[in-house]
Amino acid sequence: MPGQQPLAGLEGILREYQGRRGVLLEVFHRVQDAYGYVPPEAIEPIARALRMHAPTVYGTLTFYTEFRTAAPPRVLVNMCLGPTCHLRGAEAIRRILERRLQLDENGRSPDGAVGVHVVQCAGHCHVAPLAYLNGQVRGRLAMSDVVALAEEARFLAGGASA
Ligand code: FES
């Protein structure tokens, strides 16, 4: 796109795939490994390198949930809303946590450092309801734990208390 800075290292990645077919997902993985996500400004260079239409590249990228189109937050709270967690009040806990962290419609804190995502059961129902804080289980959550959970997330993100 005009006016955008080229992404450092992207040309080197794309050179390996120049003109090849059936490698789009592999390219997404390489780009995501390099940048932590697939930046929107990478779409057109990828399309040119693989001789594809940019809307097709973008459509494929957004079809697969394993690819991120925005930089990941420094701290990620994955809130389980699987059946057991749901029955034990996880939805209400999530709502309060989101309010406490002042999340926007994309589930990000105002500085973008903390994100809250909803996940499904990953087999820790014995400590439901639970959240994963950067992958670490925080189980048997109660409403009274939300402030501490939010503060820990903010602390890990390097910010002030929530
Ligand atoms: S439903 Fe949440 S861990 Fe199983």
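Modeller: Let's start with the core. The largest nonpolar core has 20 residues, and Val 77, Leu 97, Ala 131 and Ala 153 touch the most other members. Bear in mind that this is a predicted model.

Biologist: Which elements supply at least two residues of this core?

Modeller: Strand E1 (75-80), H6, strand E2 (114-119) and H7 each do.

Biologist: Take Val 77. What does it touch?

Modeller: Leaving out residues up to four places away in sequence, Val 77 touches Leu 97, Val 114, Val 116, Ala 131, Leu 133 and Ala 153.

Biologist: And the second, separate core, which residues does it include?

Modeller: That core has 11 residues, among them Val 31, Ala 42, Ile 46 and Ala 49.

Biologist: Step back a bit. How many helices and strands in the chain?

Modeller: Seven helices and four strands. Along the sequence, the pattern reads α-α-α-α-β-α-α-β-β-β-α.

Biologist: What does the C-alpha trace span along its principal axes?

Modeller: About 55 × 35 × 20 Å.

Biologist: What share of the chain is buried?

Modeller: Buried residues are 23% of the 162 in the chain.

Biologist: And contacts between residues 24 or more positions apart? What do they account for?

Modeller: They account for 61% of the chain's contacts with a separation of 6 or more.

Biologist: Back to H6 and H7. How do they pack?

Modeller: Helix H6 (residues 90-100) and helix H7 (residues 146-156) pack at an angle of about 45°, and their axes are 10 Å apart. So H6 is oblique to H7.

Biologist: Is the crossing left-handed or right-handed?

Modeller: Right-handed, as H6 passes H7.

Biologist: Which residues meet there?

Modeller: From H6, Ile 93, Ile 96, Leu 97 and Arg 100. They meet Val 146, Val 147, Leu 149 and Ala 150 in H7. By class, the contact of H6 with H7 has seven nonpolar residues, no polar ones and one charged.

Biologist: Now H3 and H4. What's the angle?

Modeller: About 115° between helix H3 (residues 43-50) and helix H4 (residues 54-63), with axes 8 Å apart. That angle makes H3 roughly perpendicular to H4. The H3 and H4 crossing is right-handed.

Biologist: What meets what in H3 and H4?

Modeller: Ile 43, Glu 44, Ile 46 and Ala 47 in H3 meet Ala 54, Val 57 and Tyr 58 in H4. The contact of H3 with H4 divides into six nonpolar, no polar and one charged. Ile 46 also belongs to the second core.

Biologist: Switching to backbone geometry. Where's the cis peptide bond?

Modeller: Between Ala 128 and Pro 129, with omega about -5°. Pro 129 sits in the loop between E2 and strand E3 (131-133).

Biologist: Why flag that sort of thing?

Modeller: Because most peptide bonds are trans, and most residues other than glycine have a negative phi.

Biologist: Then what is the phi of Gln 102?

Modeller: Near 55°, which is positive, and Gln 102 is not a glycine. Gln 102 lies in the loop between H6 and E2. Gln 102 counts as partly exposed because it has 13 C-beta neighbours inside 10 Å.

Biologist: And Arg 140, what's its phi?

Modeller: Also positive, about 50°, in a residue that is not a glycine. Arg 140 is in the loop between strand E4 (136-138) and H7.

Biologist: Why does Arg 140 count as exposed?

Modeller: Because it has 12 C-beta neighbours inside 10 Å, and 12 or fewer is the cut-off for exposed.

Biologist: Why is Arg 30 partly exposed rather than buried?

Modeller: Because it has 19 other C-beta atoms within 10 Å, and buried takes 20 or more.

Definitions and conventions: Residues are numbered from 1 along each chain as its sequence is written. This is a predicted model: local features need pLDDT of at least 70, side-chain atom pairs count only at pLDDT 80 or more; totals for chains, interfaces and linings use all residues. Axes are lines fitted to C-alpha atoms, for helices over the stretch in contact, and angles run from 0 to 180 degrees between N-to-C directions. Angles under 35 degrees count as roughly parallel, over 145 as roughly antiparallel, 65 to 115 as roughly perpendicular and the rest as oblique. A crossing is left-handed if the near helix is turned anticlockwise from the far one by less than a right angle, and right-handed if clockwise. Two residues are in contact if their C-beta atoms, placed from the backbone, lie within 7 Å. Ala, Val, Leu, Ile, Met, Phe, Trp, Tyr, Cys and Pro count as nonpolar, Asp, Glu, Lys and Arg as charged, and the others, Gly among them, as polar. A nonpolar core is a set of buried Ala, Val, Leu, Ile, Met, Phe, Trp, Tyr and Cys residues joined through C-beta atoms within 7 Å.
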